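Please keep the sequence and the coordinates in view while reading.

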Amino acid sequence: MIPLPPLREVVAKHGLAASKALGQNFLFDEQLLTRIAAIPGSLKDASVLEVGPGPGGLTRALLRAGARVTAIEMDRRCLPALAELAEAFPGRLRVIEGDALKVAPETLFDEPWHVVANLPYNVGTALFTGWLSGQDWPPRWRSLTLMFQQEVAERIVAQAGSDAYGRLAVLAQWRATPRIAMKVHRSAFTPPPKVMSAVIHVEPATMPPGVSARMLERVTEAAFGQRRKMLRQSLKGLPGALAALETLGIDAARRAETLTVADFVAIAGVLST
Ligand code: SAM
């Protein structure tokens with residue numbers, strides 16, 4: 001294994017005091033980082049997009065797993081530490097300085113890529129919903145392995161009828177298979193955040209035929225926009241939706257959170273034709 005200085009030394013050497021504004025909570029436990037890097041499966045010679053490498057803890061675990069890493073980092077203070085890592089793994093690490101929300105990954109890779117990231121919560125959710133939206137499916141990414149607040153992770157994998165169930169669950173589950181791969185205690189981070197975290201792993205699944213992604217979004221937006229209302233009320237502004245419920249035998253007196261992902265797909269399917 002290529003010897004590297006302890007991460008705390010890297011942080012001290014480059015003066016990388018964690019910035020609250022950039023949502024920086026670093027991971028220094030190399031065993032934990034190795035376990036996160038193993039979640040996507042073998043990364044030997046695989047392309048990986050890492051968003052927010054910071055001082056490079058997860059990055060070095062990915063490189064040690066044999067990945068070819070492209071990392072997007074907004075905080076230029078981290079660039080010298082990442083340059084040292086690139087030197088230790090010649091030709092394996094490309095670092096892009098910038099805001100990941102403004103970089104289209106399609107422009108970075110010629111082949112499919114895995115995404116692995118420990119990101120601030122709001123950036124992670126925005127990227128996640130972006131990667132799961134869109135009509136083209138399967139996507140060009142092979143898997144997503146993302147650290148979230150545990151509460152958000154639970155919303156992603158939630159089943160119908162639970163409090164956590166909503167638009168995010170439907171978006172994540174209708175043509176992909178999200179799971180909570182690992183829970184991470186807040187004390188694993190420096191500084192520790194207020195809440196617990198969890199790593200979500202998602203792989204694309206088959207997209208149900210004849211369903212427009214945009215239409216499904218419109219249905220869930222309307223249905224969950226008025227969560228406690230009956231579908232009769234929440235969907236009445238969406239042309240054809242109440243007739244679709246009738247066609248499918250779904251009682252209009254039900255509320256959005258009682259419908260399964262398959263129910264929403266069926267409604268969007270009727271409205272997409
Ligand atoms: N991956 C490192 C680790 O696990 O220790 C750092 C994690 S820290 C939670 C999040 C990182 O994302 C920080 O380095 C921060 O500068 C970076 N970041 C925040 N917003 C970003 C954005 N919009 N685009 C790219 N990087 C961002």
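Predicted model: local features only at pLDDT ≥ 70, side-chain atom pairs only at ≥ 80, totals over all residues.

Of its 9 residues, 7 are buried, so strand 6 is largely enclosed by the rest of the structure. Its residues are 141–149, and strand 6 pairs with strand 5 and with strand 9.

The pairing with strand 5, residues 113–118, is parallel and comprises 6 bridges. Within this pairing, Trp-113 has Trp-141 of strand 6 as its bridge partner. Strand 5 also contains His-114. Because its relative accessible area is 5%, under the 20% limit, His-114 counts as buried. The C-alpha atoms of His-114 and Leu-144 are 6.1 Å apart, although 30 residues separate the two in sequence.

The pairing with strand 9, residues 197–204, is antiparallel and also rests on 6 bridges. Here Met-147 stands opposite Val-199 of strand 9. As background to such pairings, side chains in a regular strand alternate between the two faces of the sheet.

Which elements make up the β-α-β unit, and what is its handedness? Strand 5, helix 5 and strand 6 form this unit, and it is right-handed. Helix 5 covers residues 121–132. At 1.5 Å a residue, its 12 residues should span 16 Å, and the end C-alpha atoms are 16 Å apart, which agrees with that expectation. The buried residues of helix 5 are Val-123, Gly-124, Thr-125, Leu-127, Phe-128, Trp-131 and Leu-132.

The backbone beyond helix 5 has particular features. Just after the helix, Gly-134 adopts a positive phi of about 95 degrees. In the loop between helix 2 and strand 2, Asp-45 has a positive phi of about 60 degrees although it is not a glycine. Its relative accessibility is 39%, between the limits of 20% and 50%, so Asp-45 counts as partly exposed.

The pockets can now be placed against these elements. As a general principle, rolling a probe the size of a water molecule over the atoms shows where empty space is left. The largest pocket has a volume of about 740 Å³. Its lining consists of 37 residues, and Leu-22, Gly-23, Asn-118, Leu-119 and Pro-120 lie nearest its centre. Among the elements that give two or more residues to this lining are strand 1, helix 3, helix 5 and strand 6. By class, the lining residues of the largest pocket are 22 nonpolar, 12 polar and 3 charged.

The second largest pocket holds about 270 Å³ of space. It is lined by 19 residues, of which Pro-105, Glu-106, Gly-130, Trp-131 and Trp-141 lie nearest its centre. Strand 2 and helix 5 each supply at least two lining residues, and helix 5 gives the largest share, 3 residues. The lining of the second largest pocket divides into 12 nonpolar, 4 polar and 3 charged residues.

Note on methods
Residues numbered from 1 in each chain as written. Heavy atoms only, no water. 1 Å grid on protein atoms, 1.4 Å probe; cavity = no way out; pocket = protein on both sides within 12 Å on 5 of 7 lines; lining within 4 Å. Points joined across faces, edges and corners; volume = space filled by probe spheres on them. Helix = DSSP H or I, 4+ residues; strand = E, 2+ residues; numbered from the N terminus. Nonpolar A, V, L, I, M, F, W, Y, C, P; charged D, E, K, R; others polar. Buried < 20%, exposed > 50% of the residue type's maximum accessible area, 1.4 Å probe, protein only. Pairing = 2+ DSSP bridges. Right-handed = clockwise from strand over helix to strand, strands pointing away. Expected span 1.5 Å × (residues − 1).
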